[in-house]
Each structure stands twice: as structure tokens, then as C-alpha cells.
Amino acid sequence: MEQFLAFGIVGLSTAAIYAVIGSGLVLTYTTTGIFNFAHGAAGMMAAFSYWQLTVGWGVPVPVALAIVLLCLAPLTGLLVERALRTVQGLGEAERLVMTVAMLSGLIATAQWIWSPSKARSLPNFFADQPPFHFGSATVTWHQAVTMVVAVAVAVGLRILLYRTRTGVEMRATVDDRALAGLTGSDPLRANRVAWVLGIELAAVGGILIAPMVALDAAQLSLLIVSAYTAAIFGRLRNLPMVFLGAVVVGCLESYLAGYLPQNDYLPGLRLAAPALLLFLALLLFPHGQLRGRDRQLSRVPMPSLRGAAGFAAVIVVVGVMLATVLGEGDLITYGQIFAFGLIGLSFVPLAGYAGQISLCQLSMAGIGAVAYAHLAPGGQIWGLLAAVLIAAAAGALIAVPAMRLSGVYLALGTAAFAVVLDRWIFTLPSFEVLGVRIKLFDQGSVDLVGPRVFGFAVDTTAEITIFAAVCLALATIGVAVLRRGRFGRRLIALRDSEAAYATLGGNLLPAKVAVFALSAGIAGLGGALYGMQLRAVTAEQFNFVAGLPIFLVAVFAGLGAVGVGMFVGTALAGPLPVISVIWPSMQNLVHVIPALAGVASGSVVREGAIAHLREGWNAALRDPLTRSVLIGVPVLLWLLRLADVINGWALFFGALLSTFVVRYWAQARARPPAPAEVPVEWWGVRRPWRAEDKEVIDRALIAAR
């Protein structure tokens, strides 16, 4: 009994922190309609800032708390509100990607400023004071402080929301933003207050929980999963239920840590328990209508077969060029373009066509890599097909319970699934099911070899690169054909309105299962090729945080375009490693770039970067002369490189410079000639009458006098 009470005290103190963080999350969502995936990352940054002030620079604790909670946190809240104001009226994916971008960017920034290789820890509050004793239970001062803070937050929020004018404005904004504005309230001010208070509560929670865990950017940011679970208990709007959910999560974690049997299979379950509970809560609890369903959907372009085939040919040519000019080391790095491209392409049918948000595509890639490694240790080609089918089955498995989820709930569900795989499933040792031995990463790494195609062994890095380019090219053509077919039109209808789709006779279950399976199969193929390129992979390379940059760049590119795959692969495995080579001091900064792209996708590039690029290159591609030069110059430079006339950098920068020169040349050739001067007596006949024409004629008449 004493042990049970001790674990209960630990669970309640942890629950108090989850309640504080979760209440801030609910406060911002109910007021603004934006679910903040970066909520935990904001608390993480506050914890690191507090560590820097107190431990790093020796600032007294009260002064450090004042700086973090009264200066840095409110300023961060105002900056977040200003950044997210531009996406207030956009669709769910665009609003979601902004906060996911902030999550990824803050983790990368923290790892850049505070190196993960150095261990850091924060002392408990009042660590030098003796603990309290309640019977056989012991309560430290830090635990008492967390519980008092949670109670104070609950009381303070109740007073704010129901006893102050600002609170009334916030609740009115939740009910009807436009009507609240007409009655004299200020929705913009309500949003600012909500974001400031939300980030403030995240900072308080981050500082309180940091002494209990290691100061690690990714780990602290993903502790928010437990707060997500508490928020779902409250259905993202009921604060008392959020506190109840926090108690359930905190006590579950504590009792699992104390009573879970010690073996090789269950430690990961304790780490994955909050995510597993989040997934179950999403499925079991009823959800009201999501706020902000009035979406501004971007147009999904209709690709031509000729254009898709030409683009696929370019992908293969690029693969051949890389394989023939790069050395082994560089080819391992830059050859990943095509594997990342397949994972990025998997978002197109799922999110671009069907409007289903998934944050576990890299996890599907991990499943594909593991399946191929164990089923085809000798590179059997059927093992690659089996890996695609197994990943597709995993995608279909997600689709069935996700039938009742949409928008942010679906994003949370897929994120929870990815975290469960990271923390538990991928860490399991080999086990048997019905006499069949199943191996995953087996608490280490798995080796992958190239396939054997028609008796030919694809075993060198160059050959694997060309093979991956061919796979990406074929998948790109397949996605284009899908968009032009009947199933593609059904997916577009599903994205536009699930209710209308079902009303007109569409069956949601087969459509969702099919598109989830297709998307996961493409990602699984990309994961297998990624493993072949590296020869061996670990579970850490397929975790939830590692998959966020792929999602962000895909959204930035424009989820509806078939060129997303090549764009994502080129962005992640092309310029970013080049920047690190040219400017080694920028190596940590390049990890922030995908997050900046995600922010730009919501505030700058509404239709996607590919649409803007296509518009800029249309003139060069339509003109036979400029098109020939556009293709011929890189090919000529490639031949010169093969003959050792120029080096690799000359090839790279020469091809890059020539493409931009040809672009502007084509635009100049396509520019219409200046119109001939129309005599004054024909103004209004041969050209439209202008407002300034009267003044011009009057001045001419006066001068003639």
C-alpha cells in the first residue's frame, strides 16, 4: 500500500503538469480554432532558457523565472499569434502545417543552440528542503509546487473566463467570431490574450517537468503527447475534463513504471502508453464538429500524360547523371533524393487528392524497410513487392479506426500511431506469433541489399541510385494516371466534402482504406530504397520527428502536384547537404530550413511552390528553341564532366546558371511586342478610353493656342 501511495503521489504531480500544459492547449484552440502542435516545443524552449539563465549563467531563480515567464513567454505568444493570423481563414492542412513547422523548427533551433551531445539537468525547486510526509507517503517540495500551480491555474482560468470582460470576449469569440465583433468585442485582442496565456502555461509546464526528465529537445517537445491526451479527454473545450484526463494519464504512467513486469518487451509500452491512450481516446470519445470547417481548398491540377512522362524521363536522366559523376560517399548522400522523393510522393494521393492528413508516413517507410530487410536478405525482387504490400496493409489498418476522424483529430491519431511505433513496436526484440518468428529492428540495425532484377544484381550504390530513380519515375506516372482516372475524381470529391460524397452514393470505408493503403505502399517502397542506399538503417531514422520535414516540404511544394516527390527529395537531399559542405558552420542551421518552408507554405505560397515554378517555366518549356537549350546545356556539361574536362562543381553551378538564364531568355522571347501608337482621333475606338486622356487632350489644345 505504501508503494501504491508513493506512485500515486508521483502520478498526481506529473498530472498537475499535464493539466497546466493541456489547459493552455485547449485555451488557444477554443479561442482561435488552431490546434498548436508546437505547444510542447514552446515549453521546451522555456525550460532550456530557464536552464541557461540559472545553471549556465548563474542568474538567481526568481529573476530567471521573471525573465522567462514575464518577458520571453508573452513575447513568444504575441509572435506566434502574429505568425498564425495569416492562416486563420485557410484550410485545416494549411493551419496545421504552420504549428507543425514551428514544432520542427523549435526542436532544430534548440539542438542548434544547445548541443544534444552535452548532458544537462535542472534541479528541483526547493531541493534542499526536507519533504512532507502524509502517513507513509512522501511529497517533495517540487511535487507540492506543481500541484499548487495546477490548482492556481484552474482557479485563475475560471475567474478569467467567467468574471472578466476579457474572458467574456474570449468565450464569445469561440461561439461566433463575427457576431462577437459586431457587439463591440475585439476578437483580435481575444486571440492575443489566448496565445499569450497558452504559451505562458506551456512555459510553466516545461519548467516544472524539466527537472524530472533529461533536458532533450525532442523528448521534452513530445511530452506534449500526454497533454494532447488530456486535452482530448476534454474534447478540446472542457477544462475540468482536461484536468481529469491529466490525472488519468499521469497516474497511468506512474503505475506502469512501478508495476509493469521487467522484461525485454514491456519497457517501451510504458513510454508509448500516453500515445496509445491518445489513440484510444480519439476513437472512443465523441467529437463535436471541428471549428473552422469553412475551408479554402486549393485547386488540384490535372496533369497531362505527356507532361508526366516527360517529367519521369527527367527523373531517370538525373539519376543516371548522379550515378555517373558522383563518388561513392557523395552518392550515398545525394542518391537519397529518390527515396525521399517516394516518401514525399506518398502525400499526394492521401493529403493532396483525398484531403486526409497523415503524420506517420515515415513510419510506413520504416515498415517497408524492415519488411524488405527480413524477407529479401539476398535481394529477391519479390521481397520489394512484399514490403510494399505489408506497408500498404499497415496503412489500411490505420484507415479503418480513422474512419471517424478528420482534420486535427486525424493528424493527432496518425501522430500517436507514429509515436507508438517509435517508442515501443520498433524497439521490440524478435518474438514469435503462432510459431512464426517476427523480427523488426531487433533493438539494433537491419542490413539491406539491392534487388536482383531479371537476374541482374543491383548491388552498387550507383546502380541502386538509378533503380530508385526509375521507381520514382514510375510512381510519378502512376499518381498522374490516378488523378486522371475515376478513382482520382472520387478522391477529389471525398476531399471536398465527405458528407456530400456519401450522400451521392460514395462508400467512405473502401475509398479511405484504398487511399491509405496506396499511400503507405508508396512510402514503404521509399523506405526500402532508403535502406538500400544506406546499406543499414535503425529505428531512430524513422521516428516521428524525423518525418516532420518531409511533410513540411511536401505541403510547401503543393500537395496536389505530381512533382511533389522530386521536389521533396531534391530539397532534403540536394541543397541542404550542399550548404553544409560549402558552409560547415551552417550545418545545424540547415535543419531549420524545412520548418521555414512550412511557415512559408501557409503565409506566402498558398497554391504551392510547384505551381509558381511551373508558371515561371512555362515559357521556356513551350518554346522549342529554349526547351532544346534547357535540356542540351546540362547534358553537354555532363558529357564534359565524364570526359574530365570540368569538375563536379562546374557541372552543378553551370547547369543551375544555365537553367535560370534560359528561363529569362524564354520570357523575353515570349513577351508581346509593344502596341503601336494609336492616333488621338482614334482614342476610344481602336483602344479603350482612359481616364487621363481628357487631361492630355486639354493640355494639347491649350498648347496649340
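Valine 453 lies in strand S6, which spans residues 452-453, in a model that is predicted. Its relative accessibility is 22%, so valine 453 counts as partly exposed, the cut-off for buried being under 20%. Leaving aside residues up to four places away in sequence, valine 453 touches Ile381, Val458 and Phe467.

The next topic is a pair of helices. Two packed helices are described by the angle between their axes and the distance between the axes. Helix H13 covers residues 305-325 and helix H20 covers residues 461-484; their axes come within 8 Å and cross at roughly 170°. Angles over 145 degrees count as roughly antiparallel, and H13 and H20 are therefore roughly antiparallel to each other. On the H13 side, the residues making the contact include Leu305, Ala308, Phe311, Ile315, Gly319 and Ala323. On the H20 side, they include Ala462, Ile466, Ala469, Leu472, Thr476, Val481 and Arg484. By type, the residues of this contact divide into 18 nonpolar, 3 polar and 1 charged.

A search of the whole structure finds 14 aromatic pairs. Among them, tyrosine 29 and phenylalanine 35 are arranged edge-to-face, with 6.2 Å between ring centres and 70° between the planes. Tyrosine 29 counts as buried because its relative accessibility is 6%, and phenylalanine 35 is buried as well, at 4%.

Tyrosine 530 and phenylalanine 542 also form an edge-to-face pair, 5.8 Å centre to centre with 90° between the planes. This pair links distant parts of the chain, its members being 12 residues apart. Tyrosine 530 belongs to helix H23 (residues 508-534), while phenylalanine 542 is in the loop between strand S8 (536-538) and helix H24 (544-557). With a relative accessible area of 9%, tyrosine 530 is buried; phenylalanine 542, at 0% relative accessibility, counts as buried too. Both residues belong to a cluster in which ring pairs link Phe340, Phe426, Phe441, Tyr530 and Phe542.

The charged end of arginine 120 sits over the ring of tryptophan 51, at 5.1 Å from the ring centre. Likewise, arginine 663 has its charged end over the ring of tyrosine 664, 5.6 Å from the centre of that ring.

Technical notes:
Residues are numbered from 1 along each chain as its sequence is written. This is a predicted model: local features need pLDDT of at least 70, side-chain atom pairs count only at pLDDT 80 or more; totals for chains, interfaces and linings use all residues. Side-chain values use heavy atoms; hydrogens and water are left out. Rings of Phe, Tyr and Trp (its six-membered ring) pair if their centres lie within 6.5 Å; planes under 30 degrees apart count as stacked, over 60 as edge-to-face and the rest as tilted. Buried means under 20% relative accessible area, exposed over 50%, partly exposed in between (1.4 Å probe, protein chains only). Helices (H or I, at least four residues) and strands (E, at least two) are DSSP runs, numbered from the N terminus. A charge sits over a ring if NZ of Lys or CZ of Arg is within 6 Å of the ring centre and within 35 degrees of the ring normal. Axes are lines fitted to C-alpha atoms, for helices over the stretch in contact, and angles run from 0 to 180 degrees between N-to-C directions. Angles under 35 degrees count as roughly parallel, over 145 as roughly antiparallel, 65 to 115 as roughly perpendicular and the rest as oblique. Contact means heavy atoms within 4.5 Å. Ala, Val, Leu, Ile, Met, Phe, Trp, Tyr, Cys and Pro count as nonpolar, Asp, Glu, Lys and Arg as charged, and the others, Gly among them, as polar.
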